[in-house]
Amino acid sequence: MIIRVVVLLLGIFFASCSYKSIDYGKMKKEYYCIKRINFPRAEATALDTITRAVSDAIISAGGRLECSGRTTKFVVINIKSLSISPIGYSPAQRASIYKVFIDLDFMLENRKNETVFKKNIKEMAQYTGVGLTGDVERRYAIEEIGRLVSIRIFSILTGK
């Protein structure tokens with residue numbers, strides 16, 4: 001008798017531990033187009049990193065990147081400032097610790113070029129390397145700030 005009760009309770013427990021499948025085909029997809037990224041400096045690495053961060057955030061949030069007639073939202077990024085400064089040096093007197101600060105405006109526009117959403121994003125990151133590989137630590141510090149910007153934009157788009 002006790003074995004039957006235990007088996008019944010285990011059956012109920014395992015039946016409640018299932019997952020619910022989600023049909024992504026029925027979800028409404030938003031179409032985004034990265035209209036422009038305004039950057040006051042000629043910093044190719046930072047511009048590429050921010051572009052990649054915005055693209056990754058949109059795709060991760062369930063949106064589609066497409067600049068066509070189906071596009072419903074246009075993304076505009078205004079980078080106000082980007083500060084990259086070495087704060088630590090290796091014994092070989094090469095910069096090994098970088099501090100990066102970014103201040104940007106994330107805006108969504110509709111088809112009529114009206115701003116429907118605007119959010120200021122400020123992030124700071126620090127990257128520690130060994131100081132022996134030239135400018136690689138600086139590049140990794142910029143990529144670290146790009147990851148933080150991507151997470152922030154993802155949370156804005158998903159509302160979480």
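The model is predicted, so local features need pLDDT of at least 70 and side-chain atom pairs count only at pLDDT 80 or more, while totals for chains, interfaces and linings use all residues. Residues are numbered from 1 along each chain as its sequence is written, and side-chain values use heavy atoms, with hydrogens and water left out.

Side chains of opposite charge can pair when their charged atoms come close. A salt bridge is defined here as a side-chain nitrogen of Lys or Arg within 4 Å of a carboxyl oxygen of Asp or Glu. By this rule the model holds six salt bridges.

Helices (H or I, at least four residues) and strands (E, at least two) are DSSP runs, numbered from the N terminus. Lys35 is partly exposed, at 33% relative accessibility. Glu109 is buried, with a relative accessible area of 6%.

A second salt bridge joins Arg152 and Glu123, at 2.6 Å from N to O. This pair also links distant parts of the chain: Arg152 sits in helix α3 (residues 136–158), Glu123 sits in strand β5 (residues 115–128), and the two are 29 residues apart. Arg152 is partly exposed, with a relative accessible area of 31%. Glu123 counts as buried, at 11% relative accessibility.

Another salt bridge lies within one helix. Asp48 pairs with Arg52, and their closest N and O atoms are 3.1 Å apart. Both residues are in helix α2 (residues 44–60); they are four residues apart, so about one helical turn separates them. Asp48 is partly exposed, with a relative accessible area of 44%. Arg52 is partly exposed as well, at 38%.

Helix α2 also contains Thr49. Contact means heavy atoms within 4.5 Å. Leaving aside neighbours within four places in sequence, Thr49 is in contact with Ile142, Glu143 and Gly146.

Conventions
Buried < 20%, exposed > 50% of the residue type's maximum accessible area, 1.4 Å probe, protein only.
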